[in-house]
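Here are my notes on the model, point by point. Please read them with the structure open.

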Amino acid sequence: MWGKPSSRLARTDGVPSLPSLELFGTPDCILMTAPTDDFPLAGRLASIDFGSVRIGIAICDPDRILASPLEVRAADQWKQDGDYYRELTKSERISAFVVGLPIHLDGGESEKSLQAREFARWLSKTTGKPVRLFDERFTTADANNRMRAAGYSRQGKKKRIDAVAALVILESFIEACRYRGEIVGKPSSEPIPSKGESID
């Protein structure tokens, strides 16, 4: 499935879907410093763009070379959506999750940040997989620019923007890990930082 977009996001209006993105030529996880928690250095990841209305999801391949937007789900009853995330983990062989954390430009957190943290903890408990929180600043703007360049209509963008935002989060997370030589972000189990304290 990694050479083409997910069928769940297939276009029907004649405009090509956003393709999978090749992030690196070869995996180099063996060069990374092992994290203090159990977040794996290799294996397929799923990223989540958590919102109050919609939840966007993207995934990468086991070598973390290709990433694709997967789908968008309603967020109004996410606590009753455990079966979906357990099945996603099983069917896609997800080894860990990355959840975008909305924070202010100064690194401080908001009510939306607390909601994303709550979701991340629930997701880890529900799936039994480690979850990392990762700074999602500017991801929506980036996703909008990509979809505009791909020729999406306003209605098409509305339906898919959250999955593309999740793709941007995943791409940025993997690139940051490669650049730093370690797993970035913070474990979902970590205490909420003090006001003004950055997560990274």
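1. Asp83 and Arg86 sit three residues apart in helix α1, about one turn of the helix. Helices here are DSSP runs of H or I with at least four residues, strands are runs of E with at least two, and both are numbered from the N terminus. The two side chains meet in a salt bridge, 2.7 Å from N to O. The criterion is a side-chain nitrogen of Lys or Arg within 4 Å of a carboxyl oxygen of Asp or Glu. Asp83 is exposed, at 57% relative accessible area. Arg86 is partly exposed, at 40%. The classes are buried under 20%, exposed over 50% and partly exposed in between, with a 1.4 Å probe and protein chains only.

2. Basis of these values: this is a predicted model, where local features need pLDDT of at least 70, side-chain atom pairs count only at pLDDT 80 or more, and totals for chains, interfaces and linings use all residues. Residues are numbered from 1 along each chain as its sequence is written, and side-chain values use heavy atoms, with hydrogens and water left out.

3. How many salt bridges are there by this rule? The count is six. One of them joins Asp162 and Arg54, with the closest N and O atoms 2.7 Å apart. Asp162 belongs to helix α4 (residues 154–180) and Arg54 to strand β3 (residues 54–60), so the pair ties together parts 108 residues apart in sequence. Asp162 counts as buried, at 11% relative accessibility. Arg54 is partly exposed, at 29%.

4. Arg44 also forms a salt bridge, with Glu92; the closest N and O atoms are 3.6 Å apart. Arg44 lies in strand β2 (residues 44–50), and Glu92 in the loop between α1 (82–91) and β5 (94–101), 48 residues away. Arg44 and Glu92 are both buried.

5. The largest nonpolar core has 24 residues. Such a core is a set of buried Ala, Val, Leu, Ile, Met, Phe, Trp, Tyr and Cys residues joined through side-chain atoms within 4.5 Å. Ile48, Ile55, Tyr85, Phe119 and Leu123 have the most contacts inside it. The largest share, five residues, comes from α2. Leu123 is in contact (heavy atoms within 4.5 Å) with residues including Ile48, Tyr85, Phe97 and Val131, leaving aside neighbours within four places in sequence. Apart from this core lies another, of 17 residues, with Ala58, Val98, Ala166 and Ile183 among them.

6. Ser68 lies in strand β4 (residues 66–74). Ser68 counts as buried, at 2% relative accessibility. Its C-alpha atom is 6.3 Å from that of Leu167, 99 residues apart along the chain.
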